[in-house]
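Here's a quick briefing to read alongside the model. Have the sequence and the 3D view open as you go.

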There are 2 protein chains.
Amino acid sequence: MQFVLVAGTTETAAIDGISAAGATPELVVHTPSADAEIVVYGRPVFAPVTPVSPTGCPTPAVMTRAVRELLGFDVTVLDAGLARPTAAPTVDVGAESGADIRTVDPVPDASDVFASARRFGHALGADELVIGETIPGGTTTALGVLTALGESVATVSSSLPENPLSFKREVVADALAASDLDAGDVTEPMRAVRRVGDPVLAAASGLTTGAIEADTRVVLAGGTQMLAVAALARRAGVDAPLSIATTSFVASDDTANIHDMAAAFDVDLTVTDPGFDASDHVAMERYTRGEAKEGVGMGGALALADRAGVSMVDVRDRIVTVYERLFDEPA
Amino acid sequence: MQFVLVAGTTETAAIDGISAAGATPELVVHTPSADAEIVVYGRPVFAPVTPVSPTGCPTPAVMTRAVRELLGFDVTVLDAGLARPTAAPTVDVGAESGADIRTVDPVPDASDVFASARRFGHALGADELVIGETIPGGTTTALGVLTALGESVATVSSSLPENPLSFKREVVADALAASDLDAGDVTEPMRAVRRVGDPVLAAASGLTTGAIEADTRVVLAGGTQMLAVAALARRAGVDAPLSIATTSFVASDDTANIHDMAAAFDVDLTVTDPGFDASDHVAMERYTRGEAKEGVGMGGALALADRAGVSMVDVRDRIVTVYERLFDEPA
């Protein structure tokens with residue numbers, strides 16, 4: 001099994017009210033670089049902070065790191081448009097940070113990024129590839145791509161307890177208008193990403209496509225963004241089985257019917273409940289109120305723990321250990 | 001413990017007779033990229049071949065990977081001037097491949113690379129850092145730096161059974177002449193690297209210096225190249241304890257008195273014998289005849305195995321497993 005974290009940024013995330021992936025709007029741009037460092041090293045190295053939401057909900061990188069400490073799997077970070085330095089080693093697919101999707105050409109290098117990531121996924125020749133993502137504002141760009149492709153089931157989840165879905169739809173409508181497109185106008189997947197998507201979608205769908213071509217089993221570790229990746233891979237010609245591993249927090253989000261979407265794209269769905277209800281630790285209790293929900297491969301990491309026979313009690317204990325290392329030490 | 005592999009290239013390696021780090025001279029430039037992939041993934045991914053010497057002696061990346069599979073430690077690859085793509089994730093310190101040291105300014109970015117690597121080593125804040133290297137022709141550039149600095153004990157080992165030391169000295173003499181320098185003319189460490197060294201020496205000594213400043217224990221995993229790194233770190237002001245972990249093959253090389261050199265730079269020396277005499281496997285028997293000897297952190301990996309109580313019997317068994325995976329599978 002090879003775990004790949006696809007990490008990138010866009011200016012779309014800077015739209016007020018779109019992303020909760022940072023304590024303040026100014027910190028959001030650091031989040032993917034910090035997430036990569038937390039998964040790889042267990043703490044931020046170059047990044048100035050451990051990412052939290054404005055209410056203090058910690059990044060799901062904490063959960064993925066905790067599982068990684070229990071299972072010991074390797075992780076490879078793919079730079080899909082990081083905007084800030086990271087001390088995590090990265091594979092370069094030539095991606096730049098995405099612009100605001102309300103501009104005309106926010107991801108001009110989408111096809112090249114897809115091609116590079118596809119080559120990497122193919123060459124890797126893994127038996128199984130688990131693909132996670134970290135990109136603030138990623139559910140909005142995922143909605144953009146699904147809408148451009150005319151996927152009628154398209155809804156997306158949110159890292160906020162109250163999903164600002166109608167606002168996201170407005171942003172996507174503006175984005176389509178900026179590119180002189182209507183919903184459903186686009187059939188070519190990288191054209192959708194180029195016009196209304198983000199570089200992580202390009203890289204993750206390329207990686208998926210290349211891996212499938214090498215007979216690798218692909219597990220998309222995440223929520224509705226990973227359903228957009230599956231939709232893109234299907235449009236790129238992938239007809240092999242695909243699966244998504246996500247958290248119970250995404251699965252129980254009524255604003256995003258992940259079950260119907262998984263069925264629409266012929267994707268197997270694995271849902272893992274980490275049992276955070278059993279804990280009142282600050283690292284977990286905000287998740288039970290619907291914050292964060294998923295990200296940084298959290299659902300895939302939980303599924304790996306479950307498959308390895310590691311109990312969620314042990315996962316929760318390790319989450320506390322990782323959290324305390326991150327937040328109790330002097331900066 | 002954090003294991004960092006510093007990987008780079010120079011045109012110096014292309015001088016006929018300098019490097020045995022490739023089956024043919026044309027393949028040498030791929031070796032560091034391939035070594036990084038072998039340590040990270042267990043096999044070449046983008047690299048066209050598994051590196052072997054002209055006689056078929058396999059790269060010490062095989063040994064380091066074998067120990068890594070037994071112990072499960074993480075590895076971070078630092079790109080110190082790779083000239084070919086690698087699928088291994090890398091940390092970027094802004095290094096370019098080095099030119100031939102017989103030109104006037106072969107490593108113009110030495111000071112910047114040192115500074116970037118120092119920042120990384122400091123920020124990492126590890127309890128212990130084990131630093132390995134992979135750079136063909138690296139003993140010649142190490143000899144260049146030691147000679148420029150006027151280290152009278154300077155001799156270097158070789159990946160060849162017959163060390164072409166007088167030829168290396170000729171190349172270094174030409175290199176000094178090209179920069180209008182005499183032996184011992186240089187006191188500033190990065191000036192020596194810039195004029196007659198290689199980017200791996202800049203990065204590894206910067207990494208060492210930054211790590212020591214963060215109170216990290218540093219183990220230089222390698223032979224005479226790592227003694228040059230220690231000499232550079234000493235000249236950069238490091239007076240904390242430093243240690244080198246190398247193989248018995250380097251330690252028993254009479255052409256390079258590593259014991260005297262370690263004493264001269266106040267470096268503790270750990271020598272580990274992997275007991276290859278007990279095996280007649282092709283992966284190991286050429287090492288017993290004095291080929292390769294060290295590299296890719298092999299001596300450090302063996303020391304880690306020893307410290308963890310893993311027997312050299314188990315290490316040798318795993319070397320056979322890794323070797324057969326690399327050479328018996330269809331390409």
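**A strand on the inside**

Let's start with strand β6 of chain A: L242(A), I244(A) and T246(A) point one way, S243(A), A245(A) and T247(A) point the other way, and all of them are buried. "Buried" here means under 20% relative accessible area, with exposed over 50% and partly exposed in between (1.4 Å probe, protein chains only). This is a predicted model, where local features need pLDDT of at least 70 and side-chain atom pairs count only at pLDDT 80 or more, while totals for chains, interfaces and linings use all residues. Residues are numbered from 1 along each chain as its sequence is written, chains are lettered from A and ligands numbered from 1 in the order in which they are written, and side-chain values use heavy atoms, leaving out hydrogens and water.

- Six of the six residues of β6(A) (residues 242-247) are buried, so the strand is largely enclosed by the rest of the structure.
- In a regular strand, side chains alternate between the two faces of the sheet.
- Helices (H or I, at least four residues) and strands (E, at least two) are DSSP runs, numbered from the N terminus.
- On one side, β6(A) pairs with β5(A) (residues 217-221) in the parallel sense over three bridges; strands count as paired if DSSP finds at least two bridges between them.
- V219(A) has S243(A) as its bridge partner in β6(A).
- β6(A) also pairs with β7(A) (residues 267-272), again in the parallel sense, over six bridges.
- There, T246(A) has V271(A) as its bridge partner.

**The nonpolar cores**

- A nonpolar core is a set of buried Ala, Val, Leu, Ile, Met, Phe, Trp, Tyr and Cys residues joined through side-chain atoms within 4.5 Å.
- The largest one has 112 residues, and I319(A), V6(B), L78(B), I131(B), V193(B) and L207(B) touch the most other members.
- Apart from it lies another core of 111 residues, including L78(A), A203(A), V39(B) and V322(B).

**T147(A), a helix residue**

- T147(A) sits in helix α4 of chain A (residues 138-148).
- With 19% relative accessibility, T147(A) counts as buried.
- Leaving aside residues up to four places away in sequence, T147(A) touches V172(A), L176(A), A183(A) and G184(A); contact means heavy atoms within 4.5 Å.

**How the two chains meet**

- 100% of the interface residues of chain A are also interface residues in chain B, so the copies meet through the same surface.
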